Amino acid sequence: MQTVNGLPAHVLLVHAIVVLLPLSAALLALTAIWPAARRRLAGPNAILALLVVVLVPITTSAGEFLEHRLAPNALIHQHAELGDTAIYAAIGVAVLALIVWWRQREGRGATPAKRAYLAPASSAVTAVVTVAAVVVSAAAVYDVVRIGDSGAKASWSGWAQGS
């Protein structure tokens, strides 16, 4: 998907990433920290996080399509390079969202044959997962802000001068 109604698809898809990746990261931190939120939101957030993992490469591919149709520009190149890091943030959030969700399932006894691979009763494992979730969530939000800032600079740097 490179264009939508004649517009570069990247311009449209990027809005989904800018909203959904930080949302999933915030939900990850919330579900890791707060058991009541975990019971209600861990499953939906795992699905959202996986959706983001699918959307990021589609968005970056559309961005590369757009980049190759514009005049060479250092700011656009920097934005494209930073954009390539979004997949790592999305994967980190998704992996931890799945771990939080699965541990919730194991804790309820909702897994086959009462298996407990991720030690849902262990407070030490819970602490490690919680800290990792908060750190990965913060890093993902920071990455989105950094990528978005570079994209805004690439798009609007000449605007005030009328170019």
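At what angle do helix 1 and helix 4 pack, and how far apart are their axes? In this predicted model, helix 1 (residues 9-33) and helix 4 (residues 86-108) pack at an angle of about 30°, and their axes lie 10 Å apart. The structure also holds 2 salt bridges and a nonpolar surface patch of about 430 Å².

**Packing of helix 1 and helix 4**
- The two helices, helix 1 and helix 4, form a left-handed crossing.
- On the side of helix 1, the contact is made by Leu21, Ser24, Ala25, Leu28, Thr31 and Ala32.
- Helix 4 contributes Ala86, Ala89, Ala90, Val93, Leu96, Ala97 and Val100 to this contact.

- Side chains of opposite charge can pair when their charged atoms come close.
- Arg146 and Asp143 are joined by a salt bridge with an N to O distance of 3.0 Å.
- Both Arg146 and Asp143 belong to helix 5, where they are 3 residues apart, about one turn of the helix.
- Arg146 is partly exposed, at 31% relative accessible area, whereas Asp143 is buried, at 7%.
- A salt bridge also links Lys153 with Asp149, whose closest N and O atoms are 3.2 Å apart.
- Because Lys153 and Asp149 are 4 residues apart in helix 5, about one helical turn separates them.
- Lys153 is partly exposed, with a relative accessible area of 47%, and Asp149 is partly exposed at 39%.

**Nonpolar surface patch**
- Leu30, Ile33, Trp34, Leu41 and Val134 make up the patch.
- Val134 is located in helix 5 (residues 123-156).
- With a relative accessible area of 35%, Val134 is partly exposed.

Note on methods
Residues numbered from 1 in each chain as written. Predicted model: local features only at pLDDT ≥ 70, side-chain atom pairs only at ≥ 80, totals over all residues. Heavy atoms only, no water. Patch = residues over 30% accessible without salt bridge, like charges linked within 9 Å, V, L, I, M, F, W, Y side chains within 5 Å. Areas by Shrake-Rupley, 256 points an atom, 1.4 Å probe, with all protein chains shown as cover. Salt bridge = Lys/Arg side-chain N within 4 Å of Asp/Glu carboxyl O. Buried < 20%, exposed > 50% of the residue type's maximum accessible area, 1.4 Å probe, protein only. Axes fitted to C-alpha atoms, helices over the stretch in contact; angles between N-to-C directions. Left-handed = near helix turned anticlockwise from the far one by under 90°. Contact = heavy atoms within 4.5 Å.
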